[in-house]
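I opened the notebook to go through this model piece by piece. Entries follow in the order I looked things up.

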Amino acid sequence: MRLRITFAKTEAMRYTGHLDLHRTWERTLRRARLPLAYSQGFKPHPRIVLASALPLGCTSQQEVVDIWLEKQESLSEIATRLNQAAPPGLGIIEVNEVAPNLPSLPSQLEASVYLITFLDPIPDLDSRLYQTNQAPEIPRVWRKKPYDLRALILDLQRLPDDENGCQQILVKLAAREGATGRPEEVASVLGGESSKVRIHRTELIFLELD
Amino acid sequence: MHTPQQIQSQLEAILPNVQKPGRYTGGELNQVLKEWDSVQTRLALVFPDIYDIGMSNLGLAILYDLINQRSDALAERAYNPWSDMESALRHAAIPLYSLESKHSLADFDIVAFSLPYETLYTNALNALDLAGIPLFSTERDDTHPLVIAGGHACYNPEPMHAFIDAFVVGEGEDVIQEIIDVHQRWRQSRRGRNKLLKSLATIWGVYVPSLYQAEYNPDGTFSHIEKLDEEAPLPVTKRIVAKLPPPTTNFIVPYIDTIHNRIPVEIMRGCTRGCRFCHAGMITRPVRERTVDEVVNAIEQAIQKTGYEEVGLLSLSSSDYTHVLELVNAVSQRFSEQHLSISLPSLRIESFSVELMDALKDARRGGFTLAPEAATERMREIINKPVSTEQLLETARAIYSRGWSTIKLYFMIGHPSETIEDVQAIADLCKAVLAEGRKIIGRRAQVNAGVSTFVPKPHTPFQWVPCDSFEQILAKQALLKRSLRGPGLKLTWNNPEDTMLEAWLSRGDRRMANVIYQAWKRGAKFDAWKEHFRYDLWLEAFESVGLDPTFYTHRERPIDEIFPWEHINTTVRKKFLTEDYLWSLRGKTRIDCREHCFACGILPTFADLRRANPGDVWQCPEVKSKRIPVKVIQESNVEGSVKPDLITIQ
């Protein structure tokens, strides 16, 4: 059976990268004694597909993963066992069964929404937001490759300050194959130094899931 | 002083800017976080290298589990930060902290280092310095933690004697509990630190270096050690557990990848083969095995708790585990549906090993590893690892025919009396193995030769022999590099600089402490890492203290030389080691000592333990020994209640 699990990646796991998260899922399934399916072949690997890599250091309240089991199990039983087996920092939100023939999660991903909190105040945040929104293009370089950040920003707006009085923005970034916006790049354009911002993914937006 | 809250909040700003921040956060599955004030004794277990290495250390995982089972104590972990994190910590004046509660190491009652190998020494100093704990024992007072260390390198504790308050010599499972007990009673007694050290010295297996003084001869060789305290034991006998306790199953599961990211289960401790170069084989006697049921149940429990996808069945010589076939069958049957990968390292060179690996259905990706250690039969007789070349080739044929395409062969250069022909034979043997592979699987066959350089270790039959000189090593490596070229062959080797450092430190004396200190002061750290190791700093350090490094490495020690580590009693007698060394010079080998007891010294020393654990709990054969008079010292210390079963042979 093909499971689609929505989960939160919180504080304790924010420094666990994509590959390690994959392995965390495999181990969680094994602890939960759920019959994880493996690919055929010389070197079988577990059938776990994460929708989207979350940048290291970010937290999230809506990550999605597809996991195949060898046998049918009741969803409530699966949810209970996963909750017990999940490590600190991985919160199970929702477990559903989906049709085995649906397209893969990464191929359906369209955008990600991030909440960015600035730990140090940025005095001209509003004007920076305005400039960013108005700019026809924002040339940036990521891993030695030049690209236009502006084209990846689908929406950018300020939110009310948080309970500690820190400024916050919400940004919707393209997340298609070969066109994925990075939230720390947006933070940087707005004047937020990497060690002085907190980034939280609030939503993954898919083309169509069913 | 930094509170855990302050450290935590400062980390927030630092972690986004360092490599692999997951090393520094703690909070992993199965971590134990106790209320700090709810216990009497708090221990920091420190592996003085990065998290990725230290998290794979089985010894510390066992101690962590055992200590945290006590309601009156807690254990937390700390590892050395990589250089980027170290700069960040120093810049922000954050002390080295424990991963669990984020307390500075200086806040702990006991800081316990694992020192399994010598190249960690400068890192241990660096860890103390990062925590603001004075490096030298003599500079620490009642406000500082007790600093202890254990692990295989501590069988020659002398190079680190100035920095460590008390060493554990031997196996830690029981002794750690006694150390905590003594510490608690000392705390209640409100006596000075010196009293604590004296009490610790009465525990079987604990060596307190400040209670002794070393004397040297005019020529710089070691003369003898003197007790400064009447009650201090001399020699200090290593600690063992008579019977292996059930294996630890409660492992912390890291969020990031580490070197051995798996469940380690020790199936057997000790080795009966008696390879003369092998430090572990000499110091971990006698051989004690766990039962198949114990191992299988431990794996079951550990999978349940950790979800790991890999199990390592660990020992010094897996093929010698009495029920190895039964174990392998039980493990592969019981866990085959769980997609576990089982590793069974340290197999002997025989086709039976191939059958074992076949039964495990271990993925053949890693290649099959064999360690002949030397390439000629003459050389293998000298080191007492007698395997015939034909047997090796036959094993290689079995490996290639069963589906492996890569064989890894481990050798050492620099064995005593090795000639350039013996080195050439390494290349020839690799090619011969490859040729067998070609016949069976064609051009897919691969041989990876790992050729390290032999470092003579204390407490072994080769403790007398000189190391190869720099030039000899380079010449031998050049020959190998020339000869082991071409498709299907790969060669890896150690830099001679790394070998020299290990060699200086392995057979060092107390004067070496100053060299270590001077090297650290000049910036030496992470000496086991290519990107950090600075040979020049070590040479400067030797120069600054007026010691000649070659005195420790290139000198052939006279057969009657007294060694600076002799007051540490591994219970393998010097008489036995001397005889074994002389045998090696004549190419005379010893068979597996389960078949025939060569009277290494284990049985008489631990006669009472052996009597209490008869049969095959120990793999030593039953030997008739006359009752040796033993004196059981029952030290009366300040607390008056510690009764170590310290046995000294008269």
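**Entry 1**

I went to S346(B) and found it in the loop between β14 (341-343) and α11 (351-360) of chain B. I take helices (H or I, at least four residues) and strands (E, at least two) as DSSP runs, numbered from the N terminus. Phi of S346(B) is near 60°, a positive value in a residue that is not glycine. For background, most residues other than glycine have a negative phi, and most peptide bonds are trans.

A note on ground rules: this is a predicted model, in which local features need pLDDT of at least 70 and side-chain atom pairs count only at pLDDT 80 or more, while totals for chains, interfaces and linings use all residues. Residues are numbered from 1 along each chain as its sequence is written, and chains are lettered from A and ligands numbered from 1 in the order in which they are written.

Next I looked up cis peptide bonds. L234(B) and P235(B) are joined by one, with omega about 0°. P235(B) sits in the loop between β8 (222-227) and β9 (236-237) of chain B. R285(B) and P286(B) are joined by a cis peptide bond too, with omega about -5°. I placed P286(B) in the loop between α8 (279-283) and β12 (288-289) of chain B.

**Entry 2: the three-stranded sheet**

I traced an open sheet of three strands in chain B, ordered β10-β13-β14, with parallel pairing. From one strand to the next the twist averages 20°. β10(B) and strand β13 (residues 310-314) of chain B run parallel and are joined by four bridges. I checked one of the partners: E266(B) is bridged to L314(B) in β13(B).

**Entry 3: the six-stranded sheet**

Which order do the six strands take? I read β2-β1-β3-β4-β5-β6 in chain B, an open sheet with mixed pairing. β2 (73-79) and β6 (206-207) of chain B are the edge strands, each pairing on one side only. Strand β3 (residues 110-114) and strand β4 (residues 146-150) of chain B pair in the parallel sense over five bridges. A112(B) faces I148(B) in β4(B).

I then followed helix α3 (residues 58-69) of chain B, which lies across β1 (41-47), β2 and β3 of chain B and runs at about 155° to β2(B). Axes here are lines fitted to C-alpha atoms, for helices over the stretch in contact, and angles run from 0 to 180 degrees between N-to-C directions.

**Entry 4: α9 against α10**

How do α9(B) and α10(B) pack? Their axes are 10 Å apart at an angle of about 30°, with α10 of chain B covering residues 324-335. The two helices are therefore roughly parallel to each other. My cut-offs: under 35 degrees is roughly parallel, over 145 roughly antiparallel, 65 to 115 roughly perpendicular, and the rest oblique. α9(B) passes α10(B) in a right-handed crossing, where right-handed has the near helix turned clockwise from the far one by less than a right angle and left-handed has it turned anticlockwise.

α9(B) puts V292(B), V295(B), V296(B) and I299(B) into the contact, and α10(B) puts in E326(B), L327(B), A330(B), V331(B), R334(B) and F335(B). A contact needs C-beta atoms, placed from the backbone, within 7 Å. I sorted these residues as eight nonpolar, no polar and two charged. Ala, Val, Leu, Ile, Met, Phe, Trp, Tyr, Cys and Pro count as nonpolar, Asp, Glu, Lys and Arg as charged, and the others, Gly among them, as polar.

**Entry 5: chain B meets chain A**

The contact takes 24 residues from chain B and 19 residues from chain A. On the chain B side, α1 (4-14) and α9 (292-306) are the elements that give two or more residues.

**Entry 6: domains**

Chain B splits into domain 1 (4-224) and domain 2 (363-511 + 547-569), the bounds coming from an automatic or database domain assignment. Their centres, taken over C-alpha atoms, are 34 Å apart. Domain 1 of chain B brings 17 residues to the contact and domain 2 of chain B brings 16 residues.

Conventions:
Contact = placed C-beta atoms within 7 Å. Pairing = 2+ DSSP bridges.
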